[in-house]
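Morning, everyone. I have a short tour for you today. Please bring the model up on the screen.

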Amino acid sequence: MTTELQGATRTYDVRTYGCQMNVHDSERISGLMEDAGYVRAADPESADVVVFNTCAVRENADNRLYGNLGHLRPTKLKKPDMQIAVGGCLAQKDRGDIVKKAPWVDVVFGTHNIGSLPALLERARHNSEAEVEILESLEVFPSTLPTKRESTYAGWVSISVGCNNTCTFCIVPSLRGKEKDRRPGEILAEVEALVAEGVLEVTLLGQNVNSYGVEFGDRLAFGKLLRSTGSIEGLERVRFTSPHPKDFTDDVIAAMAETPNVCHSLHMPLQSGSDRVLKAMRRSYRQEKYLGIIDKVRAAMPDAAITTDIIVGFPGETDEDFEQTLEVVRRARFSSAFTFQYSKRPGTPAAVMAEQLPKAVVQERYERLITLLEEITWAENKKLVGEKVEVLVAVGEGRKDERTGRMSGRARDGRLVHFATGGLTPRPGDIVETVVTYAAPHHLNADGEPLTHRRTRAGDAFEAGRTPKLKGVSLGLPSLGVPAPLPAAEGCSL
């Protein structure tokens with residue numbers, strides 16, 4: 001297959017919406033496009049191929065996609081050889097309706113057949129008509145696809161795809177399918193390949209990351225996987241997202257506390273603090289179990305930063321139910337939270353529930369929640385003033401950095417830190433130790449001279465303009481039977 005048209009190499013641009021899984025899928029899309037001979041457009045507005053990787057979680061996702069497609073229509077009319085492709089969860093949901101609503105779209109592909117994109121683009125060009133291909137189950141495990149990583153210092157690693165839960169507000173399981181788990185050896189091989197390229201931090205990804213092992217019958221597999229990362233030389237930070245409280249076991253807490261490179265940061269979705277609402281959501285835990293997990297995490301790791309997701313205004317939520325959510329927020333002392341006003345998604349049980357709440361009621365509760373959260377996150381951040389933090393220098397985290405003369409990065413607990421460089425010249429991917437001088441609700445400042453600056457291979461890679469580009473790691477879907485045992489973990493208790 002060739003991407004040359006009238007002697008010119010074709011360019012592409014990928015536009016991503018939604019969760020970390022989508023961000024990682026977009027890295028795969030970029031890898032596929034470059035393997036097929038395309039090059040990334042220096043100017044996204046002039047790209048020969050524009051790929052939308054969509055999300056379907058929020059109600060406005062449809063409006064956002066079709067609005068952006070509408071903006072591209074004049075460009076497409078002026079430049080008929082340009083191609084537009086739509087993939088991701090919204091494509092899996094809307095299928096051929098996308099081409100009916102926006103007939104200038106060339107390709108629609110689903111969550112299960114990302115690898116088909118280059119062939120579909122070529123077929124659409126050859127046939128001069130739209131190609132729509134939506135599979136009902138995985139064609140190949142996504143990690144077998146080539147991946148163009150966006151970062152020299154941090155990488156996503158999928159350990160599973162799909163979800164076996166039936167939350168009444170969520171459309172993801174019907175779009176991503178049942179959970180499929182990768183074998184642990186394949187996951188660790190991908191992590192090792194990233195570290196060999198200079199990556200210092202990996203985030204293990206799954207729709208329900210801590211139910212990992214359900215497919216091969218090992219309930220403790222996720223904790224074992226965390227421990228095994230401790231034996232990977234050169235890997236400094238391990239994170240994971242998103243776990244589910246119903247699958248969160250004590251061995252995972254122990255693995256987090258005892259494995260030196262596993263960060264003491266935990267994203268633990270709450271959704272609601274009301275037992276009645278949790279039942280209506282089909283979230284198979286209740287308030288006390290949730291808070292019990294938080295207490296155990298804090299007992300094992302007093303410095304742990306815990307973040308969460310909260311939905312306000314679920315159908316039937318009363319003032320008393322909402323007060324229960326506020327009470328959990330007060331007790332849990334989250335370091336930050338992703339907050340959402342309930343969004344009706346066609347095809348979910350919640351969309352047809354009685355007692356859909358008026359917008360004004362939901363808005364008022366949402367504002368009260370935000371006010372409380374900001375009070376708590378600010379108070380928690382203020383406790384860190386005067387404390388030493390280790391910062392992995394990042395790129396693009398601080399919008400005001402150029403004006404203030406600071407750089408930005410993430411502490412080990414995941415907090416955003418804006419720091420003064422003093423006489424040092426750290427690069428994205430380097431490690432800086434500094435002292436917190438000021439706290440805001442959503443970030444920390446460190447305006448003194450950094451204590452230390454460690455140059456890293458990730459910083460070298462950034463300076464050289466290299467990002468990891470891996471061919472597919474692993475050889476297809478997990479096969480039947482019990483997987484090979486995980487390597488023995490090393491490291492001592494913290």
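**A walk through the model**

Start at Trp378. Lys382 lies over its face, at 4.2 Å from the ring centre. A charge counts as over a ring if NZ of Lys or CZ of Arg is within 6 Å of the ring centre and within 35 degrees of the ring normal.

Some ground rules. This is a predicted model, in which local features need pLDDT of at least 70 and side-chain atom pairs count only at pLDDT 80 or more, while totals for chains, interfaces and linings use all residues. Residues are numbered from 1 along each chain as its sequence is written, and side-chain values use heavy atoms, with hydrogens and water left out.

Next, ring against ring. How many aromatic pairs does the structure hold? Six. Rings of Phe, Tyr and Trp (its six-membered ring) pair if their centres lie within 6.5 Å; planes under 30 degrees apart are stacked, over 60 edge-to-face, and the rest tilted.

One of the pairs is Phe222 with Phe240. This pair is edge-to-face, with 5.0 Å centre to centre and 80° between the planes. Why does the pair tie parts of the chain together? Phe222 lies in helix α8 (residues 221–229) and Phe240 in strand β14 (residues 237–241), so the pair joins parts that are 18 residues apart in sequence. Helices (H or I, at least four residues) and strands (E, at least two) are DSSP runs, numbered from the N terminus. Are Phe222 and Phe240 buried or exposed? Both are buried. Buried means under 20% relative accessible area, exposed means over 50%, and partly exposed is in between, with a 1.4 Å probe and protein chains only.

Now Tyr290 and Phe334. They also form an edge-to-face pair, at 6.5 Å centre to centre and 65° between the planes. This pair links distant parts of the chain, 44 residues apart. Tyr290 is in helix α11 (residues 287–300), and Phe334 is in the loop between α12 (319–332) and β17 (336–341). Tyr290 and Phe334 are buried.

On to a pocket. The second largest pocket has a volume of about 630 Å³. What counts as a pocket? On a 1 Å grid over the protein atoms alone, a pocket is an open set of points where a 1.4 Å probe fits, with protein on both sides within 12 Å along at least five of seven lines; lining residues have an atom within 4 Å of a point. The volume is the space filled by probe spheres set on the points.

The second largest pocket is lined by 25 residues. Closest to its centre are Asp303, Leu384, Lys388, Val389 and Asp413. Two elements give two or more residues to this lining: β16 (305–312) and β18 (388–393). Which gives the most? β18, with three residues. By class, the lining has eleven nonpolar, two polar and twelve charged residues. Here Ala, Val, Leu, Ile, Met, Phe, Trp, Tyr, Cys and Pro count as nonpolar, Asp, Glu, Lys and Arg as charged, and the others, Gly among them, as polar.

Where does this pocket lie? Domain 2 (142–382) and domain 3 (387–470) both give residues to its lining, so it lies between them. The domain bounds come from an automatic or database domain assignment.

Now the backbone. Most residues other than glycine have a negative phi, and most peptide bonds are trans. The peptide bond from Thr241 to Ser242 is cis, with omega near -10°. Ser242 sits in the loop between β14 and α9 (250–258). Ser128 has a positive phi, near 55°. Ser128 is in the loop between α5 (117–127) and β8 (131–133), and is exposed at 66% relative accessible area. Gln271 has a positive phi too, near 70°. The loop between β15 (265–267) and α10 (275–281) holds Gln271, which is buried at 8%.

Last stop: chain contacts. Ala36, in the loop between α1 (20–35) and β4 (39–40), has its C-alpha atom 6.6 Å from that of Pro118, 82 residues away along the chain. Ala36 counts as buried at 16% relative accessibility, and Ser265 counts as buried at 15%.
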